[in-house]
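Keep the sequence at hand while reading.

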Amino acid sequence: MAVQLNHTIVPARDDKESARFLADILGLADPVYSEPFQIVRLSNDVALDVMQVDGPVPAGHYAFLVDDAEFDEILDRVRARGLTYWADPFHRHPGRTNDWFGGRGAYFEDPSGHNLEIMTRASDAGR
């Protein structure tokens, strides 16, 4: 069997709020509770196991490869919520998208401060 990512834990201040945000903004199925996680399943069967933590939440980065139509739909939902989005991971170019790797990309934050990225083309660096 080839090595594949199965799941990752996403720490959150409010697990239900963060899981619902991820599912809604990305257009995914409702989160499923499996103690102690709110599980958000991606279309490639990778699970984001959202876990409530006490105290500060260390900011993480989660990147999602989407097609052009999904990119437009997600960005529309980001805009509809009045969220700031950026063209870069350092948040220097607000309200813009990038055209890296021959596609489009954008960054925005979830309720716990994680840096979320949507992109239509993945980098081939390291291949």
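A helix axis is here a line fitted to C-alpha atoms over the stretch in contact, and the angle between two axes runs from 0 to 180 degrees between N-to-C directions. The model is a predicted one.

With that in mind, take helix H1, residues 15–26, and helix H2: their axes come within 8 Å and cross at roughly 125°. Angles from 65 to 115 degrees count as roughly perpendicular and those over 145 as roughly antiparallel, so H1 is oblique to H2. On the H1 side the contact is made by Asp-24, Ile-25 and Leu-26, and on the H2 side by Ile-74, Arg-77 and Val-78. Of these residues four are nonpolar, two are charged and none is polar.

Helix H1 also holds Ser-18. This serine has a relative accessible area of 1%, and because buried means under 20%, Ser-18 is buried. Leaving aside residues up to four places away in sequence, Ser-18 touches Ala-12, Val-50, Asp-110, Pro-111 and Ser-112.

The sheet comes next. Four strands form an open sheet in the order E5-E8-E7-E6, and their pairing is mixed. Strand E5 (61–65) and strand E6 (85–86) are at the edges; each has a single partner strand, so one side of each lacks a neighbour in the sheet. Helix H2, residues 68–80, packs on this sheet and touches E6, E7 and E8, with its direction at about 35° to that of E7.

Strands E7 (residues 105–109) and E8 (residues 115–119) run antiparallel and are joined by five bridges. Glu-109 stands opposite Asn-115 of E8.

Conventions:
Residues numbered from 1 in each chain as written. Predicted model: local features only at pLDDT ≥ 70, side-chain atom pairs only at ≥ 80, totals over all residues. Heavy atoms only, no water. Pairing = 2+ DSSP bridges. Helix = DSSP H or I, 4+ residues; strand = E, 2+ residues; numbered from the N terminus. Contact = heavy atoms within 4.5 Å. Parallel < 35°, antiparallel > 145°, perpendicular 65-115°, else oblique. Nonpolar A, V, L, I, M, F, W, Y, C, P; charged D, E, K, R; others polar. Buried < 20%, exposed > 50% of the residue type's maximum accessible area, 1.4 Å probe, protein only.
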